[in-house]
Amino acid sequence: MASPFPWDEVQAFGFGALRLSPDVFWRLTPREIAATALALGLGRSATPARRDLAALMRAFPDKAASTGAITP
């Protein structure tokens, strides 16, 4: 069974963080509110997934420093 829509959180975001008037808030679709949250960096993981981190490490390998730093 699907989870109920998180109206309390969405209203807090819309009225609080975005400071929308009730008229503007209720004209937005849930998809538009979600897109706004993503544009502001909300709803994203604080850390990259292991797969993404591995891809970044391959694309940008550490360079050995003259100080003798150990690199993987």
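Visitor: Why does Asp23 count as partly exposed?

Guide: Its relative accessibility is 46%. Buried means under 20% relative accessible area, exposed means over 50%, and partly exposed lies in between (1.4 Å probe, protein chains only). Asp23 at 46% falls in between, so partly exposed is the label. One caution on the source: this is a predicted model, in which local features need pLDDT of at least 70 and side-chain atom pairs count only at pLDDT 80 or more, while totals for chains, interfaces and linings use all residues. Residues are numbered from 1 along each chain as its sequence is written, and side-chain values use heavy atoms, with hydrogens and water left out.

Visitor: What makes the meeting of Asp23 and Arg27 a salt bridge?

Guide: The N to O distance of their side chains is 3.2 Å. A salt bridge needs a side-chain nitrogen of Lys or Arg within 4 Å of a carboxyl oxygen of Asp or Glu. The value of 3.2 Å is within that limit, so the pair qualifies. Both residues lie in helix α2, 4 residues apart, about one turn of the helix. In general, an α-helix has 3.6 residues a turn, so residues three or four places apart point the same way.

Visitor: How do you know whether Arg27 is buried or exposed?

Guide: Arg27 has 63% relative accessibility, so it counts as exposed.

Visitor: How many salt bridges does the structure hold?

Guide: The structure holds 2. Arg51 and Asp52 also form one, with their closest N and O atoms 3.8 Å apart. That passes the distance test, so it counts. Arg51 is exposed at 64%, while Asp52 is partly exposed at 37%.

Visitor: What makes up the chain as a whole?

Guide: The protein chain has 4 helices and 0 strands. These come from DSSP runs numbered from the N terminus: H or I of at least four residues for helices, E of at least two for strands. The order of elements is α-α-α-α. Of the 72 residues, 8% are buried.

Visitor: How many aromatic pairs does a search of the whole structure find?

Guide: The search finds 4. In one of them, Phe5 and Trp7 sit 4.5 Å centre to centre, with 55 degrees between the planes. Rings of Phe, Tyr and Trp (its six-membered ring) pair if their centres lie within 6.5 Å; planes under 30 degrees apart are stacked, over 60 edge-to-face, and the rest tilted. The angle of 55 degrees belongs to the rest, so this pair is tilted. Phe25 and Trp26 form another pair, at 4.8 Å and 85 degrees. That angle is over 60, so the pair is edge-to-face. Phe25 is buried, with a relative accessible area of 1%.

Visitor: Which residues do ring pairs link into a cluster?

Guide: Phe5, Trp7, Phe15, Phe25 and Trp26. Phe5 is found in the segment before α1 (7–17).

Visitor: What makes Phe5, Trp7, Phe15 and Trp26 a nonpolar patch on the surface?

Guide: Patch residues have over 30% relative accessible area and no salt bridge; like charges are joined within 9 Å, nonpolar side chains (Val, Leu, Ile, Met, Phe, Trp, Tyr) within 5 Å. Phe5 has 39%, and Trp7 has 39%. The patch has about 420 Å² of accessible area together, by the Shrake-Rupley method with a 1.4 Å probe, where only the protein chains shown count as cover for residues.

Visitor: Which residues in α1 are buried?

Guide: Val10, Phe13 and Gly14. Seen down the axis of α1, the buried residues fall within an arc of 90 degrees, so they line one face of the helix. That arc is taken from the directions from the helix axis to the C-beta atoms. Their cover includes α2 (22–27) and α3 (30–39).

Visitor: Why does Ala37 count as buried?

Guide: Its relative accessibility is 15%, under the buried limit, so the label holds. Ala37 is found in helix α3. Leaving aside neighbours within four places in sequence, Ala37 is in contact (heavy atoms within 4.5 Å) with Phe13 and Leu42. The C-alpha atoms of Ala37 and Phe13 are separated by 8.4 Å, though the residues are 24 apart along the chain.

Visitor: What is the phi of Arg19?

Guide: Arg19 has a positive phi of about 55 degrees although it is not a glycine. Most residues other than glycine have a negative phi. Arg19 lies in the loop between α1 and α2. At 70% relative accessibility, Arg19 is exposed.
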